[in-house]
Amino acid sequence: MPKQFLSPRNDLIFKLLFGDERSKEILTDFLKSVLLIPHEDYDTITILDPHLLPDYKDGKLGIIDVKLQTKSGKIINIEIQVEHIPQMRERVIFYDAKMVTEQIGASENYEKIKKVISIIITNHEFIQASPKYHHRFTLYDSDNQVEFTDTIEIHTLELPKIPGVSDGTPLWDWMKFLDAKNEEDLDMAAVANTQVNNAVIRLKELSADERTRMLYESRIKMERDIYSITKGKEDAAEKRGMERGLQRGMERGIQQGRNEGIQQGIERGKVERDYAIARNALKINIPIADIAKLTNLTPEEIESLRQD
């Protein structure tokens, strides 16, 4: 095994592990550990974007979610997020709603709509109100304890909340695999579960593959470049915003201006920052969906900016 194994928390490596046609047994075992759907639904799993990774080249940032469809038509989207993203909950709802509406045309009936499931894996605490590492959300009346519908189902898995001792579930084994920091962690995760062991073997193969390592490094470099662009534009925009805010504040009075003008300036600066980031990202052909993740702009606003 290489001195440094490729982390399964990296979205590219996660996609190579779970989004490959050859890894359906690994994917199925992971899904069974998370979801409560009939086992026969796994008899036919169609990975909806298996072509994405071979086309990943030229350093362009592609969408690396794992999207699939079960035998009965349920649509499942798995995404891993290492860094905190602002408005993450709103973004998840937006994309789930989009996966629902994409299923029917203007003249089709609502009965054609199939269940949409999102699995969000985070390397940071996402649901602060609970210590549990796995949550399942649907449309639910908490006062009367009645579920309205589970047509949209959201699962959150938070790596920092994994208990140090096994809770006896296959999901714990998978979470320990994803959270592995070294080879010893990987080998310990592989002991309890056959498919986790297969995933460890596959990860070691990927880590030894030179092309995969080049793609991995390219992905990391792109993420660093985007962070650098984001940070630089954010600092400059915030500085300009603060200056404008201070100027307005001085006109209204020193104390009131500091309290109100600075905040207004910062907010305007953040908007300018988002547009600056979007323009730079469009210049290097970053997909609109990824730009939306980096900013508070909607895909429609970014598309309008691209057309302009």
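Predicted model: local features only at pLDDT ≥ 70, side-chain atom pairs only at ≥ 80, totals over all residues.

S2 has a covered face made of Val66 and Leu68, while Lys67 and Gln69 make up the uncovered one.

Next I looked up what S2 pairs with. Strand S1 (residues 46-47) runs antiparallel to S2, with 2 bridges between them. Threonine 46 has glutamine 69 as its bridge partner in S2. S2 and S3 are also antiparallel, joined by 4 bridges. Glutamine 69 turns up again here, with isoleucine 75 as its bridge partner in S3.

I then checked the turn. S2 and S3 make a hairpin with 5 residues between them, and glycine 73 in that turn has a positive phi of about 100°.

**Strand S4**

How many of the 7 residues of strand S4 are buried? I got 7 of the 7 for residues 116-122, so S4 is largely enclosed by the rest of the structure. I went through the faces as well: Val116, Ser118, Ile120 and Thr122 are on one side, Ile117, Ile119 and Ile121 are on the other, and all of them are buried.

For its partners, I found S4 paired with strand S3 (residues 75-81) in the parallel sense over 7 bridges. Glutamate 79 has isoleucine 120 of S4 as its bridge partner. Strand S6 (residues 146-158) pairs with S4 too, also parallel and over 7 bridges. There, isoleucine 121 sits opposite leucine 157 of S6.

**Asparagine 77**

Is asparagine 77 buried or exposed? Its relative accessible area is 9%, and the cut-off for buried is under 20%, so asparagine 77 counts as buried. Its side chain makes a polar contact with the side chain of aspartate 65, at 3.3 Å. Leaving aside neighbours within four places in sequence, I listed Asp65, Val66, Lys67, Met99, Ile117, Ser118 and Ile119 as its contacts.

**Nonpolar cores**

A reminder to myself: in soluble globular proteins, nonpolar side chains tend to be buried together. The largest nonpolar core here has 48 residues. Which of them touch the most other members? I noted Phe18, Leu31, Ile78, Ile119, Ile121 and Phe177. Apart from that core lies another one of 9 residues, with Ala278, Ala281, Leu282 and Ile302 among them.

I followed up two from the larger set. Leucine 31 is in helix H2 (residues 24-34), and it is buried at a relative accessible area of 0%. Not counting residues up to four places away in sequence, leucine 31 touches Tyr42, Ile45, Leu68, Ile76, Ile78 and Ile119.

For phenylalanine 18, with neighbours within four places left out, the contacts are Ile26, Leu27, Phe30, Ile47, Val66, Trp174, Phe177 and Leu178.

**Salt bridges**

Side chains of opposite charge can pair when their charged atoms come close. My search of the whole structure turned up 13 salt bridges.

I looked at lysine 71 with aspartate 43, which meet at 3.9 Å, N to O. This pair links distant parts of the chain, 28 residues apart: lysine 71 is in the loop between S2 and S3, and aspartate 43 is in the loop between H2 and S1. Both lysine 71 and aspartate 43 are exposed.

Then came aspartate 187 with lysine 204, whose closest N and O atoms are 3.4 Å apart. Aspartate 187 is in helix H5 (residues 183-191) and lysine 204 in helix H6 (residues 194-208), so the pair ties together parts 17 residues apart in sequence. Both count as partly exposed: aspartate 187 at 34% relative accessibility and lysine 204 at 26%.

Glutamate 205 and arginine 202 are both in H6, 3 residues or about one turn of the helix apart, and their side chains meet in a salt bridge at 3.5 Å, N to O. Glutamate 205 is partly exposed at 45% relative accessible area, whereas arginine 202 is buried at 18%. My last entry is a network: Lys115, Arg136, Glu147, Asp150 and Glu153 are joined by salt bridges that share partners.

Notes: Residues numbered from 1 in each chain as written. Heavy atoms only, no water. Buried < 20%, exposed > 50% of the residue type's maximum accessible area, 1.4 Å probe, protein only. Contact = heavy atoms within 4.5 Å. Pairing = 2+ DSSP bridges. Core = buried A, V, L, I, M, F, W, Y, C linked by side-chain atoms within 4.5 Å. Polar contact = N/O pair within 3.5 Å; in protein donor to acceptor, adjacent residues only side chain to side chain. Salt bridge = Lys/Arg side-chain N within 4 Å of Asp/Glu carboxyl O.
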